[in-house]
Amino acid sequence: MTDQPTDQPTDAPTDGQTDRHSPLHDEHVALGANLTSFGGWLMALRYTSDLAEHRAVREAAGLFDLSHMGEIEVAGPQAAAALDHALVGNLTAVTPGRARYTMICQEDGAVLDDLVVYRLGEERFLVVANAGNAELVARELVTRAAGFDATVTDQGAATALVAVQGPRAEQIVAGLTDAADVAAAQAVRDLKYYAAVPLVLRTDAGPVDALVARTGYTGEDGFELFVPAGRAADLWRTVLAAGAPLGLVPAGLSARDSLRLEAGMPLYGHELDTTTTPYEAGLGRVVKLDKTDDDGAPLEFVGRAALAARRASAPARVLVGLKGLGRRPARAGYAVVIPDGEPGGAVGESARRIGTVTSGAPSPTLGHPIAMAYVTPELSAEGTELAVDVRGRAEPVVVVPLPFYRRPQQS
C-alpha cells in the first residue's frame with residue numbers, strides 16, 4: 001500500500017482559464033503544500049503525506065480548505081417554492097437551521113450537480129455547489145427562479161469555507177468560541193448532524209461571524225465553517241494552533257478523496273454526471289416525487305417526469321462497492337469484467353466487460369483496495385466475485401455493501 005495514490009481528485013472539467021486562488025492560498029504555500037488544479041481552482045493536494053493526513057482525520061482531526069466550493073443565496077417570500085421547482089428535494093419541508101442533501105437535474109433526469117442546501121431563515125437559503133459546477137448551478141437557479149418572488153445571489157467570491165473533520169472536531173470547534181460565552185460552546189456540542197447555527201468565533205486577530213454547520217465529506221464527525229473571505233486566514237491560523245495539541249493537521253484534497261471513498265460518498269464527475277440519474281447512483285431517496293403544492297396537487301419540478309419514469313423502470317446499471325482481494329487497486333475508468341482465467345492472470349479475449357470503475361484507491365483504514373463501480377444489475381448482488389482489468393491483469397474483487405467504512409459510535 002502506498003501513501004501517494006495516483007488518483008487525483010477531479011471535478012467537472014475547467015475551460016482552460018487561469019486557476020483561481022483560494023483566500024487561503026498564501027497559507028498553503030507557507031505550509032509547503034503540493035498544489036493541484038481542481039474545478040478551476042489551485043488547491044492544496046497534500047501538505048505532508050496522503051496517508052498521514054487521512055489517518056489524522058480518522059484518529060484525531062484534519063483542517064480542510066473548501067473555499068473552492070460555490071455558495072449561492074436564494075432569498076425572498078417564495079425562495080422555498082423556487083427551490084422546490086429547481087431541485088429534486090422538498091426544501092419547503094426543511095426547517096430553519098437545518099440542511100438537506102439534494103440534487104439539481106436536467107429535464108431528462110440527469111444530474112447537473114449534487115448540493116447541500118441550508119435553510120438560514122423562513123425566506124433565506126444557502127445552496128452549496130461543487131467547484132466546477134458553481135457557475136452553472138448559479139445560472140440554472142436564476143433561470144428556474146424566474147416567476148417566483150425570490151432572488152438568487154452568487155456569494156462564492158465573498159465567502160470562504162474551512163472544515164474541521166474527525167473525532168476531536170467538536171472539542172476543537174467548541175474551543176473556538178469565547179471562553180466567557182458558555183452558551184456558544186454548548187451550541188456547538190448540541191448541534192445536530194445536517195444542522196447549522198450562526199456563531200461568533202474567536203481568532204487571534206479578533207472575533208469573526210461564522211455559519212457553523214455540522215456537515216462534512218469524510219465519514220467522520222465534523223464541522224464546516226463559512227466565514228467572510230477576508231477573515232479566512234485569521235480563522236485558519238487560529239484553528240491550526242488550537243487543534244495542534246489535539247492532533248489536528250492540515251489536510252489536502254487527496255486525503256479528502258480517500259476519506260470520502262471509504263465513506264461511500266459520490267464525487268461529481270465520477271459517480272455522478274450528466275449521463276447518470278440519482279436512481280442509478282443509489283440515491284433515489286433524495287428525489288421527492290411526492291412533493292405537492294399548496295392545493296395538494298403534485299408539484300412539477302425540473303426533471304420530474306423523466307425521474308418518475310426512471311424510478312418505474314429497471315436500471316441498466318447500478319453503483320456498487322468493490323473490495324479488492326489482491327494488492328493492486330482499481331482506478332477510475334478501469335473495466336469491470338467477468339474473468340475468463342485464473343485470478344490475477346491476464347485478461348483474456350473472452351472476458352466480458354460488465355461495468356466501469358468510477359473511483360478506486362488503496363484504503364488506508366481498511367488495509368485493502370476499494371472501489372466504486374457501475375455494473376449490470378444481475379451482477380450487483382453482495383458477494384458476487386468479479387475482476388477489474390488493471391493494466392491487462394484480472395485483479396479479483398468482490399461486491400460489498402456501501403459504505404466501506406462507518407465511524408465508531410461514541411458512547
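User: Why does Tyr 194 count as buried?
Analyst: Tyr 194 has 15% relative accessibility. Buried means under 20% relative accessible area, exposed means over 50%, and partly exposed is what lies in between (1.4 Å probe, protein chains only). So at 15%, Tyr 194 goes down as buried. Keep in mind that this is a predicted model, where local features need pLDDT of at least 70, side-chain atom pairs count only at pLDDT 80 or more, and totals for chains, interfaces and linings use all residues. Also, residues are numbered from 1 along each chain as its sequence is written, and side-chain values use heavy atoms, with hydrogens and water left out.

User: What confidence does the chain carry, and what stretches fall under 50?
Analyst: pLDDT is the predictor's confidence in each residue, from 0 to 100. The chain has a mean of 94, with 95% of its residues at 70 or more. Residues 1-8 are below 50, and that stretch has 22 contacts in the model beyond near neighbours in sequence (a contact being heavy atoms within 4.5 Å). Residues 12-16 also stay under 50, with five contacts beyond four places in sequence. Where pLDDT is low, the predicted coordinates should not be read in detail.

User: How many aromatic pairs are there, and what makes Tyr 118 and Phe 226 edge-to-face?
Analyst: There are two aromatic pairs. In one of them, the ring centres of Tyr 118 and Phe 226 are 5.5 Å apart and the planes meet at 75°. Rings of Phe, Tyr and Trp (its six-membered ring) pair if their centres lie within 6.5 Å; planes under 30 degrees apart are stacked, over 60 edge-to-face, and the rest tilted. With 5.5 Å and 75°, Tyr 118 and Phe 226 are therefore an edge-to-face pair. The two sit 108 residues apart, Tyr 118 in strand β7 (residues 111-121) and Phe 226 in strand β13, so distant parts of the chain are linked. Strands here are DSSP runs of E, at least two residues long, and helices are runs of H or I, at least four, numbered from the N terminus. Tyr 118 is buried at 1%, and Phe 226 is buried at 6%. Tyr 193 and Tyr 194 form an edge-to-face pair as well, with 4.9 Å between centres and 70° between planes.

User: What makes β13 a paired strand?
Analyst: Two strands pair if DSSP finds at least two bridges between them. β10 (residues 159-165) and β13 have seven, in the antiparallel sense, while β12 (residues 208-213) and β13 have three, also antiparallel. β13 (residues 222-228) is mostly covered, with six of its seven residues buried.

User: Which strands are at the edge of the open sheet, and why?
Analyst: The sheet has six strands in the order β11-β12-β13-β10-β4-β14, with mixed pairing. β11 (196-201) and β14 (248-250) are its edge strands, each pairing on one side only. From one strand to the next the twist averages 25°. Helix α2 (residues 50-59) packs on this sheet, touching β4 (61-65), β10 and β14, and its direction makes about 120° with that of β4. Such angles run from 0 to 180 degrees between N-to-C directions, with axes as lines fitted to C-alpha atoms, for helices over the stretch in contact.

User: Why does Val 188 count as buried?
Analyst: Val 188 has 0% relative accessibility, so it counts as buried. It is found in helix α6 (residues 182-190). Leaving aside neighbours within four places in sequence, its contacts include Val 173, Leu 199 and Phe 223.

User: What makes helix α3 mostly covered?
Analyst: Six of the eight residues in α3 (residues 79-86) are buried, among them Leu 83 and Asp 84. The buried residues of α3 pack against β5 (70-75), β6 (99-105), β7, β8 (124-129) and α4 (134-144).
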